[in-house]
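Subject: Structure handover

Hello,

Here is the structure we talked about. Please open it alongside this email. My notes follow below.

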Amino acid sequence: MKKIKKGDIVGRISYGKDIIFVVERIIKTKNGQEFAILKGLTIRIQADSLLEDLELVESQKIEKHVRDLEEKVTKRIERKQKLLKQNYLFREKVIEYTGKILHLDGDRRYSEKSRRIYKKLGLNAIVKNVPERRQPLNVRALIQRYKPDILVMTGHDGMIRKGTQFNNVYNYRNSRYFIKAVEEARKQNIKKDLVIFAGACQSYYEGLMISGANFASSPARILIDFMDPLIVAEKIATTKEENFVTIQDIEEELRDGQRGISGVGGRGKKKILSI
């Protein structure tokens with residue numbers, strides 16, 4: 001069997017290779033066991049596994065997995081472009097300003113992909129690759145610099161002991177960093193008008209909401225899609241500022257609806273000026 005190394009795309013044998021992961025790094029314990037730190041290829045989960053429980057995923061399966069995500073993204077962009085064309089043909093002479101998005105992502109690959117998608121959607125977005133543990137340290141300075149209307153703080157997360165200790169923040173891999181980052185953002189945004197999405201797969205939803213998020217994952221402690229945070233940000237950015245966006249306005253577009261993401265909602269950030 002080929003030895004697993006950093007960067008390999010793998011599945012966990014004991015889980016039936018239900019999730020496709022990228023090997024982030026490999027750790028060797030004092031007793032000689034080797035563990036891999038894993039990040040989801042297209043979903044925002046972090047996990048660990050003994051190397052002996054990992055198996056390389058066949059290239060056809062990887063290609064299909066990536067192709068399915070790309071098709072989902074392409075369909076969304078095509079719908080958006082069609083809508084923009086219709087609005088251009090029939091609207092009055094106005095200038096539209098969509099809300100400004102600041103997106104902090106703990107995953108470098110996701111950061112780059114998110115940047116491309118926001119651009120194709122015609123949104124005003126600044127995307128920064130900031131590791132989850134550093135987001136609380138960096139968020140206030142970034143808010144001061146970019147003055148966003150919408151803040152997304154995401155990356156990877158996951159429960160350490162799944163199905164138990166739901167209210168123990170230390171039973172989540174990165175939720176404590178997201179929670180602290182939301183708190184820091186709220187200290188900077190005194191008016192409370194900043195719309196915040198925070199969290200990733202299986203995140204501590206209640207803790208994120210108490211800390212001040214408008215939308216967060218994951219109420220049912222399930223997986224969320226790579227695109228889910230972007231869908232929330234896009235909806236807020238493209239909704240008129242006199243309208244309030246609820247989770248009911250978004251849930252059908254999300255991977256698993258309100259089981260994956262919920263929240264108290266937020267006011268739209270699109271401004272329309274007559275010419």
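Which exposed residues does the face of α3 turned away from its buried side carry? They are Leu137 and Arg145. Exposed means over 50% relative accessible area, buried under 20%, and partly exposed in between (1.4 Å probe, protein chains only).

Before the rest, some ground rules. This is a predicted model: local features need pLDDT of at least 70, side-chain atom pairs count only at pLDDT 80 or more, and totals for chains, interfaces and linings use all residues. Residues are numbered from 1 along each chain as its sequence is written, and side-chain values use heavy atoms, without hydrogens or water. Helices (H or I, at least four residues) and strands (E, at least two) are DSSP runs, numbered from the N terminus.

Helix α3

α3 spans residues 135–146. Its buried residues are Gln135, Pro136, Val139, Leu142, Ile143 and Tyr146. Lys147 follows α3 and has a positive phi, near 50°.

α3 against α4

The two axes come within 8 Å and cross at roughly 30°. That makes α3 roughly parallel to α4; angles under 35 degrees count as such, over 145 as roughly antiparallel, 65 to 115 as roughly perpendicular and the rest as oblique. Axes are lines fitted to C-alpha atoms, for helices over the stretch in contact, with angles from 0 to 180 degrees between N-to-C directions. On the α3 side, the residues that meet α4 include Arg140 and Gln144. Their α4 counterparts include Tyr177, Phe178 and Glu184. Contact means heavy atoms within 4.5 Å.

Cores

A nonpolar core is a set of buried Ala, Val, Leu, Ile, Met, Phe, Trp, Tyr and Cys residues joined through side-chain atoms within 4.5 Å. The largest has 43 residues, of which Ile101, Tyr118, Phe215 and Met227 touch the most other members. α6 gives this core its largest share, six residues. A second, separate core of 28 residues includes Val139, Ile143, Ala185 and Ile196.

Gln46

Gln46 sits in strand β4 (residues 46–50). It counts as buried because its relative accessibility is 15%.

Best wishes
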